[in-house]
There are 2 protein chains.
Amino acid sequence: MSQRIAAGIDIGGTNIEAGWVLPEGKVLSRGKIKTRSFATPQDMVHAVSHMLSKQRSAMDETYEVIGAGIGAPSSNFYSGCMEYAPNMPWPGVVPLVKLFEAEMNCATYLTNDANAAALGEMIFGGAKDMSDFIMVTLGTGLGSGFVSSGKLLYGHDGHAGELGHTIAIPNGRPCGCGRKGCLETYASATGIVKTAIERLSTAHIASSLNDISLEKISAYDITMAARNGDTLALEIFEFTAQILGMKLADTVAITSPKAIFLFGGLAHARELLSVPLKKNMEQNLLNIYQNKEDILFSQMTDDDAALLGAASLVWQEKG
Amino acid sequence: MSQRIAAGIDIGGTNIEAGWVLPEGKVLSRGKIKTRSFATPQDMVHAVSHMLSKQRSAMDETYEVIGAGIGAPSSNFYSGCMEYAPNMPWPGVVPLVKLFEAEMNCATYLTNDANAAALGEMIFGGAKDMSDFIMVTLGTGLGSGFVSSGKLLYGHDGHAGELGHTIAIPNGRPCGCGRKGCLETYASATGIVKTAIERLSTAHIASSLNDISLEKISAYDITMAARNGDTLALEIFEFTAQILGMKLADTVAITSPKAIFLFGGLAHARELLSVPLKKNMEQNLLNIYQNKEDILFSQMTDDDAALLGAASLVWQEKG
């Protein structure tokens with residue numbers, strides 16, 4: 001029997017990556033193009049499909065293509081469209097599934113990037129034996145994908161899973177969404193930098209972070225400082241964990257997951273984040289949930305996660 | 001073909017009600033016994049089964065029994081047990097499904113009372129055409145049942161759906177669960193009474209509620225006062241709606257329901273609650289959710305809701 005393969009297409013604000021994936025999670029091929037090279041979504045879809053077709057022609061002929069999965073921001077599984085994505089060059093509603101299906105001639109599925117990461121974790125990563133878990137991506141924003149009874153939670157309109165836009169602190173930090181106090185303004189790679197800048201510009205505390213100019217501080221810098229025992233950096237992680245831990249406890253009371261997986265830039269801090277996070281989450285949990293939910297790290301590598309996440313949509317729907 | 005019927009058994013802290021239900025939601029028979037009449041769960045199960053059997057023998061012989069559904073506090077669908085229910089006479093883990101199955105000789109299912117209410121709404125009530133919604137019961141506490149893609153959200157251990165124990169105000173009012181600031185200490189029939197007592201005992205405001213002694217004030221009194229235009233009572237509803245609206249907005253960002261149904265004592269306030277609640281929820285919603293989720297009232301009557309909720313478990317599993 002011929003091996004089956006699926007295309008994974010990850011559409012980001014800067015790059016689009018696309019490649020072919022085997023059912024066991026091996027990436028057979030991959031390519032990257034700049035998102036902003038294309039004036040229209042049609043041009044982009046044409047170029048990406050062409051790239052995948054070229055990769056395909058260099059591979060074993062016997063592979064059988066069973067579909068294509070797309071992960072993209074502000075994307076809706078039900079409608080098959082990217083909808084008003086804030087950091088994308090194409091405005092309005094972009095019918096990605098329809099456009100790719102026409103070029104690729106195979107079943108095509110779309111979901112938002114955090115949902116794709118959750119599916120990738122379930123099919124190829126650390127959640128293989130789990131049917132109820134949450135994926136939290138801590139990058140520029142905070143994305144989330146909820147898996148319940150082995151399926152992504154989509155809600156009535158495909159928009160479920162926006163944990164980053166629950167309110168962490170009423171009337172708190174302004175958020176890109178136009179509201180105030182959203183969780184992602186505190187708990188994300190960007191959020192922890194905001195915390196550092198607030199602390200450094202209001203208090204005169206001895207910290208190696210004072211050696212970096214405020215506009216250049218990154219989540220990586222704060223992580224490195226904390227790793228070296230910097231008191232302020234450690235306090236910044238504790239503050240971040242307090243806020244995220246409280247909101248994760250609320251979330252556990254709603255969906256009762258077996259585990260919460262962390263991924264993305266801020267997750268590179270590993271136990272600097274997960275240890276205070278677990279402590280703060282437990283402190284806010286109702287007794288029936290205590291010591292039952294794990295905080296884990298994604299088992300997908302940064303290099304493969306986006307492609308595997310996108311391709312996992314195909315295995316989920318047609319596997 | 002013979003008509004199929006299911007038993008509904010609702011186990012509460014004061015009464016146990018049990019009866020037979022037709023698939024279209026008609027209650028054929030019902031009976032009630034006092035929960036505290038029985039020293040052991042075995043005695044209770046025996047008496048309830050006997051009551052159902054007597055009801056059955058007075059009915060049309062051609063009815064075919066397809067199962068029994070039980071709604072009870074602190075109950076777990078997966079384990080079939082009531083687990084450490086705080087206001088029940090029987091301590092520890094009570095294997096209700098096993099006990100009833102042995103007496104009733106039919107397929108038996110158990111879930112907690114708020115989950116049963118959610119299923120009842122979907123199968124017999126106002127959520128017949130919905131596959132994603134939330135049921136919120138506002139009684140002594142705040143119970144919740146989440147339906148997603150037409151199924152109850154149980155989580156990995158059967159404990160999903162405890163919205164009443166998310167944190168509304170950090171370090172806020174003490175809760176029966178031992179923690180502080182849980183949503184149900186503000187948004188429930190008991191919670192709104194606490195708010196009234198706080199306001200009446202700290203401020204000297206003209207209010208018809210001053211005519212009632214503090215220890216006797218009920219959610220009904222506050223509702224009646226608000227209905228008569230009492231400023232303080234209206235302000236108490238606004239405060240309750242602010243807190244519940246904020247937490248419902250968070251919840252919408254997680255599960256994106258089509259509607260939120262309200263049931264229970266405080267829901268009798270109808271638009272006195274739902275109008276400020278809708279306003280406050282909308283103010284806290286991310287733009288993609290705005291004006292898409294309805295706040296509705298359960299279409300089940302107070303008399304039938306518990307029996308129908310319990311029986312709906314059978315139709316959900318075997319329908």
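Predicted model: local features only at pLDDT ≥ 70, side-chain atom pairs only at ≥ 80, totals over all residues.
Residues are numbered from 1 along each chain as its sequence is written, and chains are lettered from A and ligands numbered from 1 in the order in which they are written.

**Helix H4(A).** I took helices (H or I, at least four residues) and strands (E, at least two) as DSSP runs, numbered from the N terminus. The expected span is 1.5 Å times one less than the number of residues. The 14 residues of H4(A) should therefore span 20 Å, and the 21 Å between the end C-alpha atoms agrees.

I then checked burial (buried: 20 or more other C-beta atoms within 10 Å of the residue's own, placed from the backbone). Among the buried residues of H4(A) are A:Ala189, A:Ile192 and A:Thr195. Their cover includes strand E9 (133-138), helix H5 (219-227) and helix H6 (231-255) of chain A.

**Domains of chain A.** An automatic or database assignment sets the bounds: domain 1 is 4-123 + 302-318 and domain 2 is 129-297. I found their centres, over C-alpha atoms, 27 Å apart. Each domain gives 15 residues to the contact (C-beta atoms, placed from the backbone, within 7 Å). On the domain 1 side, helix H3 (residues 113-124) gives the most, eight residues.

**Chains A and B.** I noted 33 residues of chain B in contact with 33 of chain A. On the chain B side, H6(B) has the largest share, six residues.

Technical notes. Buried ≥ 20, exposed ≤ 12 C-beta atoms within 10 Å, placed from the backbone. Contact = placed C-beta atoms within 7 Å.
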